[in-house]
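Biologist: Please take a close look at one part of this model and describe it in detail. I would like the cut-offs stated along with the values.

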Amino acid sequence: MSKMLRYSSLTKKYIMALAGFLLMVFLLIHLGINLFIIPFTENHQDIFRDGVHFMTTNPLIKIMEIFLFGGFLVHILIGIILQLRNWMARPVRYAKSNHSQGSFFSKYMIYTGVVILIFLIIHLGNFYFVKLGLTEAPEGMSRVADDHDFYNMAINLFSNKIYSGIYIVLFILMGFHLNHAFQSAFQSLGLNHSKYTPFIKAVGDFYSIVVPLGFILIPLYFIIYY
Amino acid sequence: MNIKLKVWRQKSAKEKGKFVKYTLENASPEMSFLEMLDALNTKLILQGDDPVAFEHDCREGICGCCSLYINGRPHGPGEKTTTCELHMRSFKEGKTIVIEPWRSRGFPVLKDLIVDRHAFDKILIAGGFISNEAGTAQDANSILIRKDKADEAFDSAVCIGCAACVAACKNASAMLFVSAKVSQFALLQQGKVEAKQRVQAMVRKMDELGFGNCTNTYACEAECPKGISVTNIARMNREFFGARIGTQKS
Ligand code: HEM
Ligand code: FES
């Protein structure tokens with residue numbers, strides 16, 4: 001921790017970007033499984049359960065999980081350290097606020113990040129801690145879920161309109177985070193090229209719209225059909 | 001035209017400053033921004049008041065002295081212009097023009113609109129040079145440099161060190177300046193010899209002086225009067241990474 005504080009600003013950003021990449025790959029995989037909550041195939045439930053079973057039992061995934069938690073931790077800690085330093089770098093603010101052109105969402109990374117963090121904690125409480133046996137599975141909702149029945153647990157949550165609403169807002173905000181994040185991570189790692197950067201930016205725009213939209217489809221489906 | 005101004009006044013680095021409102025009658029739209037301030041100062045002096053301190057030298061966009069934060073933008077409205085190249089025709093009559101000094105931990109205010117920009121000198125002293133034997137100049141063709149590399153190095157070297165990048169950055173980061181300086185050397189044969197030490201020393205100094213980190217917001221590029229590109233920042237990120245993994249522990 002104290003060592004992390006002493007890293008140069010550039011090194012902190014490399015770590016931030018690498019951890020960010022890991023998180024972005026994780027999001028894709030997570031989405032890939034979650035989408036099978038929606039009944040667009042006959043056996044969607046089985047595919048979802050198989051996916052969950054694989055992700056919760058495969059030893060290789062267990063190892064990846066350590067990297068994932070490490071990635072989150074490092075990304076969050078360095079994000080906060082960098083942000084504090086950035087605020088300190090301008091002790092006297094301008095009276096007239098800045099009108100310069102620039103990446104719009106980059107100005108709100110800490111706020112969208114903190115929203116993601118709050119949701120992450122709720123989300124862990126709803127699923128991961130249940131798996132670990134740290135929290136009880138929900139009871140008395142529309143459908144009773146057993147400890148490891150992530151499918152019914154998800155259905156339980158999404159049948160709550162308020163939860164679904166919060167979930168949708170969260171993923172819109174996450175889209176804002178990702179929109180700046182994708183191309184920013186390349187730049188932080190020094191990967192800027194007159195030929196490829198426009199393409200990277202386009203992929204980033206696509207990713208930041210399609211991934212959150214994918215997650216949003218699920219509560220939307222429940223809001224519309226239940 | 002009649003000009004309404006709100007100007008930051010601060011007697012010294014130690015004292016607290018405040019905004020003071022001024023009006024200037026009969027300014028012409030052809031006046032440069034600095035000429036308008038000259039006219040204001042003449043008026044203040046004739047009234048027996050303390051004139052507004054601001055920095056200027058070349059008045060033709062090459063020295064980088066005229067660092068004023070005007071209406072929320074370094075060097076005011078307009079693309080790729082310094083304050084001295086800005087004219088009063090760019091402003092609407094009747095609308096108050098707000099003038100502030102650069103705001104950054106690295107550049108404390110000395111008086112009114114003048115800040116201490118020594119921090120940039122310190123970064124250059126840390127590594128912004130080549131250690132050359134000062135002998136007779138050798139034949140120019142003995143060091144071959146590719147034309148595109150020479151052009152790129154020149155694009156980086158046009159930085160006038162005005163610090164608009166720091167002023168514009170929401171984090172008061174000096175990355176665009178430092179990366180332009182790192183690049184102008186790293187791209188040329190003469191600079192490659194010391195490239196690894198240079199980038200590390202300059203980044204260390206930049207961090208030490210309290211500038212913020214880069215969040216890749218790119219306001220620096222948008223406000224740079226010389227159009228320095230953020231590809232320089234990417235290059236510095238690469239150079240630094242290469243240098244860190246390529247040098248032994250000391
Ligand atoms: C799924 C979750 C997340 C993903 C995929 C993600 C991804 C990224 C990526 C790729 C970057 C760009 C890094 C760079 O510019 O080099 C970034 C920046 C950032 N992230 Fe996240 N992030 C996530 C969650 C969080 C959380 C929970 C926080 C909590 C504080 C956070 C705070 C930040 C901040 C402050 C930045 C800007 C850092 C800077 O440029 O100085 N992120 N994120
Ligand atoms: S006074 Fe020299 S650049 Fe403006």
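Ligand shell

Modeller: The shell around ligand 1 consists of 15 nonpolar residues, nine polar ones and one charged one. In this classification Ala, Val, Leu, Ile, Met, Phe, Trp, Tyr, Cys and Pro are nonpolar, Asp, Glu, Lys and Arg are charged, and the others, Gly among them, are polar. The model is predicted, so local features need pLDDT of at least 70 and side-chain atom pairs pLDDT 80 or more, while totals for chains, interfaces and linings use all residues. Residues are numbered from 1 along each chain as written, chains are lettered from A and ligands numbered from 1 in written order, and side-chain values use heavy atoms, without hydrogens and water.

Ligand 1 lies between chains A and B. Of the 25 residues around it, the nearest are K13(A), H75(A), H177(A), S184(A) and S188(A); a residue is near if one of its heavy atoms lies within 4 Å.

Several of these residues place polar side-chain atoms by the ligand. For S184(A), such an atom is 2.4 Å from an oxygen atom of ligand 1. In S188(A), a side-chain N or O atom is 2.6 Å from an oxygen atom of ligand 1. H75(A) instead faces a nitrogen atom of ligand 1, with a polar side-chain atom at 2.8 Å. The rule for a polar contact is a pair of N or O atoms within 3.5 Å; within protein, one must be able to donate a hydrogen and the other to accept it, and residues adjacent in sequence count only if both atoms are side-chain atoms.

By secondary structure, helix 2 (9–34), helix 4 (59–88), helix 5 (109–132) and helix 7 (161–188) of chain A each give at least two residues to the shell around ligand 1. Helix 2 of chain A has the largest share, seven residues. Helices here are DSSP runs (H or I, at least four residues; strands are E, at least two), numbered from the N terminus.
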